[in-house]
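We'll walk through it together, beginning with a loop and then heading for the nonpolar parts.

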Amino acid sequence: MNKRILILSMAVLLLLSAAGCALGPVNSLPPAGPDAAELVVIRPHAVFGRGIPFDIAVDALDIFALEAGAYTILKVRPGQHTLVARFPNNFPKDARAYTLKINVAVGERLYFTVELDNVWGNEIRTTQLSAAEGEKMMRENEYQPDFKP
């Protein structure tokens with residue numbers, strides 16, 4: 001009986017913790033115009049952390065909540081940007097995220113993965129990929145659309 005109550009309690013806590021996690025677009029990037037560059041952000045399938053979307057921020061603005069096994073394409077103005085992925089609502093409190101400073105040219109497409117970096121589940125690593133690696137990972141994951149231009 002105690003085991004049954006424990007499992008039921010854990011299920012309720014899991015559902016409540018995921019209730020505030022929205023998927024997809026959160027905010028809109030400034031219009032990039034005809035000279036747009038693209039940032040392809042891929043979150044590969046993973047065993048750990050798959051039920052929690054990662055908040056993707058560009059230039060300190062939360063743009064997207066990306067689920068495991070998905071990718072999105074963010075259109076940005078050419079120039080320097082920062083890209084970071086983190087847990088929603090800054091949970092857990094000791095969570096760490098890597099911030100990448102990137103520079104994109106007119107019409108350029110850059111590829112990145114975001115994934116848990118350690119077994120404790122409190123670090124998210126953002127890594128830049130080659131075009132070949134990025135295209136391969138896009139085929140292995142599902143497209144999660146961004147805002148329409």
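Where does A60 lie? You'll find A60 in the loop between β3 and β4. Keep in mind that we're looking at a predicted model. D59 sits in that loop too, with β3 covering 54-58 and β4 covering 61-66.

Now check the backbone angles here. Most residues other than glycine have a negative phi. D59, though, has a positive phi, near 55 degrees, and A60 has a positive phi as well, near 70 degrees.

D59 comes out at 40%, which means it counts as partly exposed.

Nonpolar side chains tend to be buried together in soluble globular proteins. The largest nonpolar core here has 22 residues, and the members that touch the most others are L39, I56, V58, L74 and V114. Which strands each supply at least two residues of this core? They are β2 (37-43), β3, β4, β5 (70-76), β6 (79-86), β8 (99-104) and β9 (109-116).

Zoom in on I56 for a moment. Leaving out residues up to four places away in sequence, I56 touches V41, L61, D62, I63, F64, L66, L74, L83, V84, A85 and V114. Apart from the 22-residue core, there's another core of eight residues, including V40, Y111, L129 and M137.

Key: Residues are numbered from 1 along each chain as its sequence is written. This is a predicted model: local features need pLDDT of at least 70, side-chain atom pairs count only at pLDDT 80 or more; totals for chains, interfaces and linings use all residues. Side-chain values use heavy atoms; hydrogens and water are left out. Helices (H or I, at least four residues) and strands (E, at least two) are DSSP runs, numbered from the N terminus. Buried means under 20% relative accessible area, exposed over 50%, partly exposed in between (1.4 Å probe, protein chains only). A nonpolar core is a set of buried Ala, Val, Leu, Ile, Met, Phe, Trp, Tyr and Cys residues joined through side-chain atoms within 4.5 Å. Contact means heavy atoms within 4.5 Å.
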